[in-house]
Structure formats: structure tokens, C-alpha cells
Amino acid sequence: MAAQVFGTSTSVLPTIAMPTKEKSQAKESVEDILYGSVAGIMGKYIEYPFDTVKVRLQSQPDHLPLRYTGPLDCFKQSIKQDGVLGLYRGISAPLVGAALENSSLFFFERLGRETIYKTGYCPRDQDLPLPALWFTGAFSGAFTSFVLTPVELVKCKIQVPATVSTDGMILKPPTVASVIKDVFKHEGLAGFWHGQMGTFLRESGGCGAWFGFKETTSKLFRTWNERSLTSQAEKDALRAEPLPLWQQAVAGATAGMSYNFLFFPADTIKSRMQTSAVGGTAVKKTFMEEGKALWKQHGLRGMYRGCGITVLRSAPSSAFIFMIYDGLKGYLPL
């Protein structure tokens, strides 16, 4: 993700050989981390209310009647109970998570490309083929999952609706500090990685699709834009220019929707694991145990509960993230 879309393909800027100087590599790393963080934070403000609704739909208990009939009902009940700002409750942790996630994704994706180049699979003066770019996305997601799981665990526990005590009083919603303290007290440091398998599956598979669909769609647009050109010089000149903004937006939106839809069941199971009670008589379920319980109770439909609203919000969010990142890399290089 350096100097181009992910810094890899022909989707935005012309081919650039991988930097050979240590200083250049360091600059690219700083750009990946800095610009990825900015893009992630801006995208999070767009998607967070929808993410809150998604988590609330996913985390409804098996042994009780469903609290929400669907996304719109969840929105209505949430706003009625907590107001609009309630949908942004606990956003501080996700903002940190968004910065960590996106900077890590862009950073590890570039390391994945560097690894492929070192194997000799593709010469450094050539763009990586699409299958390799799908792999670098999965490579990036796998490593990023270990960074992301603790942040998502805190986020999910804050996003669940306020509970009611036995005497009918609405309990005070948890804060970031109280969740961290509670998890560490009862489960130690390892407790923050509860649900890691779900995050790993979602991020490795989903990010393979995220990067892969972005590059594939961008390449299709590039080919379509060149359809009326006859000379190689004209094609080279066009490739030196970024794609039109609407094409960048469509490519980014396609990436976001594919990321969320393809591996949504893994995210659902993870959210259920991470919103389970901490301490006391609470019994922790493994990824497989939680998945079996959900399937037995609600089947495939339960696995995809909240998927529609998640895919919907991922389109503008993902498009925005890529457009900001590409713009910063293209116009504000370090």
C-alpha cells in the first residue's frame, strides 16, 4: 500500500519498483501507519452507529426471545433508550482500533508483497498478479487480527445495551476503563484475546477479499477506460493518472461489501463470545461451541443476523478509507 492503491497495482498510479534503500522502506512504513490511521479514524465515524446496531443484533441471547425484529427496530429502540449519542457509546476504543487496524493492514500488506518479491515469484520491476495480491491481503489480515482482537473485545462489551438489575433499575453502561479492569481481574491478560479465532478467520479471509476485490475491480476499470485507445503510449499515459473518483469509490465499496459478507458468520460468533459475561459463574465457550449453539438455535439465518446493515454501512466506509489513503499517499508523500 505504498505510492499506489495498497502501493501495489496499476489501479491508481504507474508501476514503481520496490524501494531498495533502507530509508525509502522506512518512509513507506511511516506513510502506511500514518495515512492508514487517518483513513481508519475517518471511516469509523461513518460506520460506528451501524456497527453498534450490528453487535446488538448479533449478541441477542439464545435462551430469550429476540429483543429486536431487525436493524430498523434496533435503531428505534436504541435511540429511544439512549438517544442518538448512545449509538456512539464507547467510540474511543474503536477509534484507536480503527487506527491500529488500518495502519496494520496497509503495513503488513506491504510486508506481504516484499515477502513475495523475495521468493522470486515475480520480478520487482513488475506488478504482482491478482492472485498474489489476494494472498498479501490474507497475509495482512492474519497478522492484524492479533492486534485487533483486544480492541474489539472492549468495543463489543461497551456496545451491548444497558441491562436491568433485579430491582428494575437500569445499570450504568460500562466504560472502556471498567471493561479493561473487569476482564483483567477475572481472566488475566489472555482474556483480551477471547474470540481470537473468529477475528483471525474474519480478518485473514476478509482482508484477502478486501484487497483482492479492490485490485480486481480497479483493474477492470483500468481495462474499460483503455478500451478506445490504440497506442501503447496513450495507455501508459492513462495508467499514470489516478482512476476517476467515482471508480475509486466503486472499487472501495466493492471491497468493503465483500469483506463483510463472505466471512460474516465468523464475526457473529466472535461478537457473541466477546459479549459474554465475565467472572462469577460465567462459562466461556470456544469458537466451535459458540458456533454450534448458534446454529442449533437459529441456523444459517442466525449466523447472518445483522449482515444486511453491516454490508450497507461498509460500502461508503470502505470507499472513504481507500480514497483518503490513496489521496494522502499520492499528494502528500513523506
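Predicted model: local features only at pLDDT ≥ 70, side-chain atom pairs only at ≥ 80, totals over all residues.
Residues are numbered from 1 along each chain as its sequence is written, and side-chain values use heavy atoms, without hydrogens and water.

**Exercise 1.** Describe how helices α6 and α9 pack.

Step 1. Locate them: α6 covers residues 196–225 and α9 covers residues 264–274. Helices are DSSP runs (H or I, at least four residues), numbered from the N terminus.

Step 2. Take the axes, which are lines fitted to C-alpha atoms over the stretch in contact, with angles from 0 to 180 degrees between N-to-C directions. These two come within 8 Å and cross at roughly 155°.

Step 3. Classify the angle. α6 and α9 are therefore roughly antiparallel (over 145 degrees).

Step 4. List the contact (heavy atoms within 4.5 Å). G198, T199, L201 and R202 of α6 meet A266, D267 and K270 of α9.

**Exercise 2.** Describe how helices α3 and α6 pack.

Step 1. Helix α3 spans residues 92–119. Its axis comes within 12 Å of that of α6, and the two cross at roughly 70°.

Step 2. α3 and α6 are therefore roughly perpendicular (65 to 115 degrees).

Step 3. From α3, the contact takes E101, N102, L105, F106 and E109. From α6, it takes E203, C207, W210 and F211.

Key: Parallel < 35°, antiparallel > 145°, perpendicular 65-115°, else oblique.
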